[in-house]
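Here is a chain to get to know. Have a look at it first, and then we'll walk through it piece by piece.

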Amino acid sequence: MNLQVKQRIPLKIKRMGINGEGIGFYKKTLVFVPGALKGEDVFCQVTSVKRNFVTARLLSITKKSKFRVEPACVIYQECGGCQLMHLRYDKQLDFKDDIIRQALTKFKPEGYENYEIRHTLGMENPQHYRAKLQFQTRSLGGSVKAGLYAEGSHKLVSIEDCLVQDPLTQAIINRIVKLLDKHKIPIYNERKIAGIRTVMIRKAQATEQIQVIFVTSRVLHLAPLVKELTMDFPQIKTVALNLNKSKSSDIYGQKTEILWGQETISEEVLDYSFALSPRAFYQLNPQQTQVLYRQAVAALDVTEKDHIIDAYCGVGTIGFAFADKVKSVRGMDIIPEAITDAKKNARAMGFDNCYYETGKAEDIIPKWYREGYRADAIIVDPPRTGLDKKLLDTILTYQPTQMVYVSCNTSTLARDLVTLAKVYHVEYIQSVDMFPHTARTEAVVKLSKQSY
């Protein structure tokens, strides 16, 4: 490879990579160019040289793609939170079909060439869809700013009007920033580790109820700020403080305390409502969550005699869709608050056939089987890291007849299917666009046990 950093080269973009970057070849060398689109001729500058590829910065476009659009966001380039806003939305959905194919081609699970990959289900209006905001706070130039780190850096990009964020959550964070300044609340930095480091705001779409979590490195006196904030925004029902003294990149610490208001807010999905405590996981795009859960329900054929395991169950949301159709639903999650919510939600809905336990799926499922429990179907909705190897081994050991895998990471999904395809037939993969304008997608996979 003869390319060097800062060298400027012309390039034809042949395809798009899994992170939304354009990919071309310069004298047989693979080149990744963020911001370039398939079919474009570009001029770019090499920014790094690796053993098998180089990355480059887009300088100019000689021949534009007919699908290129002007990003509506003024800080699109600087922020990096979205990667595809320069691509027409219908073509973003085609791209998300393709990244599933790319992941399968890389990992090659058995029979992957014949998998049915259904077209990604998009949004009618793919803006202001994020009902959860999680901004970092820093003191910059003598005043508090909130936003996201620029990609690959610790440089905070201040965000006051995000095109994909729910407007109410954005208005609340903007007010919080002013109140942090006004009340001279200590703000975290890497050297002093002295105060507020992250603010999380979540809105329930059905009720417009709001939760706020202040993540801080030490206990702070926030009562005057909270008083003003809750007077300004009566939609706020919960204000919590999460203590995170760690120097790591983990957003949350273990301890969360309610400072003001009620313990949970109320949200709805499909035809039921449920409670959410501040630390409990729930999808950040409520509109598409309806679509996603409908797909998960459609992927399982259950009877009133069936027993279902809902691994990574959170507050129980997916499992509740089946509770009135099956004999029992059992779920587990590592976040105790989520399990507390799941139990409360089941009671509130009158389901006495739901059982929930705190812990890891790979530990709890074998325990249940030792106690005599047998599942006919299993639903898994893991984090981006995918399924734990021990859980994969557990599933292959007990082999429930049906399985639904809800994935937010196409790469770890394809990796896990290598193992699962030894026992299960992949009926289809249905992608759902939970994250418009980004290179991420969510997928529902229907699997059925192979008959030999």
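What follows goes from the whole chain down to a few of its parts.

This is a predicted model, in which local features need pLDDT of at least 70 and side-chain atom pairs count only at pLDDT 80 or more, while totals for chains, interfaces and linings use all residues. Residues are numbered from 1 along each chain as its sequence is written, and side-chain values use heavy atoms, leaving out hydrogens and water.

**The whole chain**

The secondary structure comes to 10 helices and 22 strands; helices (H or I, at least four residues) and strands (E, at least two) are DSSP runs, numbered from the N terminus. The radius of gyration is 23 Å, close to the 22 Å that the globule rule gives for 452 residues, so the chain is as compact as a globular protein of that length. That radius is taken over C-alpha atoms, and the rule is 2.2 Å times the number of residues to the power 0.38. Picture the C-alpha atoms filling a box of roughly 65 × 65 × 40 Å along the principal axes. Of the 452 residues, 56% count as buried, where buried means under 20% relative accessible area, exposed over 50%, and partly exposed in between (1.4 Å probe, protein chains only).

**Strands side by side**

Two strands pair if DSSP finds at least two bridges between them.

| Strands | Direction | Bridges |
|---|---|---|
| β3 (residues 29–33) and β5 (residues 53–63) | parallel | three |
| β4 (residues 41–49) and β5 | antiparallel | eight |
| β16 (residues 307–311) and β19 (residues 377–380) | parallel | four |

To find your way around β5, note that Phe32 stands opposite Thr55, and that Val42 has Ile61 as its bridge partner. A hairpin of three residues takes the chain from β4 to β5.

Then there's an open sheet of eight strands with mixed pairing, in the order β6-β21-β22-β20-β19-β16-β17-β18. β6 (117–121) and β18 stand at its edges with a single partner strand each, so one side of each is left without a neighbour in the sheet. From one strand to the next, the twist averages 15 degrees. Within this pairing, Asp310 has Ile379 in β19 as its bridge partner. Helix α10 (residues 410–420) lies across β20 (402–407), β21 (424–432) and β22 (442–449), at about 160 degrees to β20; axes are lines fitted to C-alpha atoms, for helices over the stretch in contact, and angles run from 0 to 180 degrees between N-to-C directions.

Helix α7 (residues 336–348) has 13 residues. Which residues of α7 are buried? They are Ala338, Ile339, Asp341, Ala342, Asn345 and Ala346. These cover an arc of only 160 degrees around the axis, which puts them on the same side of α7; the arc is that of the directions from the helix axis to the C-beta atoms. On the other side, Arg347 and Ala348 are exposed. The buried residues of α7 pack against β15 (272–276), α6 (317–320), β17 (328–333) and β18 (354–358). After α7 comes Gly350, with a positive phi near 80 degrees.

**One tryptophan**

Trp260 is found in strand β13 (residues 255–261). Is it buried or partly exposed? Trp260 is partly exposed, with a relative accessible area of 35%. Beyond its neighbours within four places in sequence, Trp260 is in contact (heavy atoms within 4.5 Å) with Val226, Thr230, Ile236, Lys237, Thr238 and Val239. Ile236 is 24 residues away along the chain, and its C-alpha is separated from that of Trp260 by 9.7 Å.

Definitions and conventions
The expected span of a helix is 1.5 Å times one less than its number of residues.
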